[in-house]
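Dear colleague,

Please find below the structure I promised to hand over, together with its sequence. My notes on what was found in it follow directly after.

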Amino acid sequence: MVLNQLPEWHALEQRRDALDGQHLRELFAADPDRFAQFSLRHENILLDYSKNRVDAATMEALRALAGACDLEGWIARMFAGEAINLTEGRAVLHVALRNRANTSILVDGEDVMPGVNSVLARMRDFVARVHDGNWTGFTGASIRDVVNIGIGGSDLGPVMVTEALKAYRQANINVHFVSNVDAAHLHETLAGLDPARTLFIVASKTFTTQETMANARAARAWLLQTLGDEAAVARHFVALSTNAAAVGDFGIDAANMFEFWDWVGGRYSLWSAIGLSIALALGMDRFEELLDGAHAMDRHFREAPLEGNLPVTLALLGIWHVNFLGAESQAVVPYAQNLHRLPAYLQQADMESNGKSATRDGDFVAWDTGPVIWGEPGTNGQHAFFQLLHQGSRLVPVDFIVAANSTYPNDAQHEMLLANCLAQSAALMTGKTGDEARAEMAAAGLDASEIERLLPHRTYRGNQPSNTLLVETLDPRTLGALIALYEHKIFCQGIIWQVCSYDQWGVELGKQLAGQLLPRVRGETADGTVDASTAGLLAQLRHWRG
């Protein structure tokens, strides 16, 4: 099946041509009930997608494309534990990690839920011991600071969640994150911490991840510089891994290794033992509320018809923007400072999943796949990149995310935040016509010649698409549902684009080359057959490093 030769694809090209030249202003004027027709709700999440260049016929055509790609069949295969990670022969079961119904999910004939429940129980016991002071460091002091050492999926998800839910943090535990192999990250994180009261979580499935293990060894040396005894390592380090031998060699007690499975992809792993830092920051009850929200979204995704399905709808709108309207990027703008790491989290989730150019059959794609994901919290973004969104030459769809209620006490500021969010989505949609700009400048007293001179600079074309995700409150359950919503959106787009969303072979080449270049950077081996640019950079590095 060649995607862009399907009749359903050609039908969407016809819909694009039919809507060409129509402005969102006109679509709203023609249909007073447009919001009701183009909005969906799941629990306390409302998706308003009325400010997109679509009509009912276009949405129907997009759902027909999903049907032609057997999207519902692929959804069933994922939840059934089939090996839909085709290049690695693995199941994709982050949904099992938050399967709060505890129904059986089989992988190769074995129910994975007893293992999932066992790890959750061990996490709960460990978190309780740290919080109540029964887990002590080597000197007998209770733990005050937790440092999570990971990278990629072992860092971005936990960082994003703990930042998003700061209002729910435990008062007696400070959780920190180190990911960058740049020594500054670890050094500045450890500054001011007491080794006797610091616990490290080393998050690496293989326990061989280069950057993570470099940071872990440096943290180990920092600890022993003060505490001296190698036996201290077992009281100040725990591991999130599957490599028991390497964990033991590091000095971590195997009893303090929390496992996860090869059907857990790194960028989808915050629901697993990788979320131990989240549980320590928030408490295990809050962590399980996060799982509850994600599970509720999983059920919605699996059971709701396509026309009422939030993840499917978001995915289809993205297909429309990328493949039929020519959008190359997607902005994510949360009007919530605590969601400041969400755009970075979604960058990995989306771009590592669907940034592919080979189809599942191994052919080169003949259509665009994953867009560039980027963003910044509002209102900061309004004073940075919104100029391009309003008057630039590129089409950039925007996802606005905002909570009706703040978790902090200053309601007047939250009302200002809400007004700005609603204003920006409305402004992107309506723009400002030449007549409106003329009247505005005339009312301000400008003369006719000055008005005409300024007119091109004071008009806004509008017609810029956006979604608004309005939630009641940014609490653990809602955040869990929101993350799962985006996970499933990414899955749907990968199915339609016919790519393998759950591998990341593109990440490996850089790792391999870094391993080969490290001895050259150290001056241990000659430059050999490296390219001229790399050879020149190595020579200058050695000169400046003495």
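Asn463 has a relative accessible area of 12%, and because buried means under 20%, this residue counts as buried. Please bear in mind throughout that the model is a predicted one. Asn463 lies in the loop that runs between helix H20 (448-458) and strand S13. Its phi is near 60°, a positive value in a residue other than glycine.

Strand S13 itself spans residues 466-473, and Ser466 belongs to it. Ser466 is buried as well, with a relative accessible area of 1%. Leaving out residues up to four places away in sequence, Ser466 touches Asp48, Lys51, Asn52, Val398, Phe400 and Ser425.

Is Asp108 buried or exposed? With 80% relative accessibility, Asp108 counts as exposed, whereas Asn463 is buried.

Thr379 is part of the loop between strand S11 (372-374) and helix H17 (386-391).

As for Leu276, its contacts, setting aside neighbours within four places in sequence, are Met123, Phe126, Val127, Ile201, Val238, Leu240 and Phe258.

H10 covers residues 210-227, which is 18 residues. From its first C-alpha to its last, H10 reaches 26 Å, close to the 26 Å expected at 1.5 Å a residue. Just after H10 comes Gly228, which takes a positive phi of about 80°.

A helix pair may also be of interest to you. Helix H8 (residues 156-164) packs against helix H16 (residues 342-354) at an angle of about 150°, and their axes are 9 Å apart. Because angles over 145 degrees count as roughly antiparallel, H8 is roughly antiparallel to H16. On the H8 side, the contact is made by Leu156, Gly157 and Met160; on the H16 side, by Leu342, Ala344, Tyr345 and Gln348. The crossing of H8 past H16 is left-handed.

Finally, I draw your attention to Ala191. This residue is placed in the loop between helix H9 (183-190) and strand S7 (198-203). Its relative accessibility is 51%, and since exposed means over 50%, Ala191 counts as exposed. Ala191 and Phe138 are 53 residues apart in sequence, and their C-alpha atoms are 20 Å apart in space.

With kind regards

Conventions. Residues numbered from 1 in each chain as written. Predicted model: local features only at pLDDT ≥ 70, side-chain atom pairs only at ≥ 80, totals over all residues. Heavy atoms only, no water. Contact = heavy atoms within 4.5 Å. Helix = DSSP H or I, 4+ residues; strand = E, 2+ residues; numbered from the N terminus. Expected span 1.5 Å × (residues − 1). Axes fitted to C-alpha atoms, helices over the stretch in contact; angles between N-to-C directions. Parallel < 35°, antiparallel > 145°, perpendicular 65-115°, else oblique. Left-handed = near helix turned anticlockwise from the far one by under 90°. Buried < 20%, exposed > 50% of the residue type's maximum accessible area, 1.4 Å probe, protein only.
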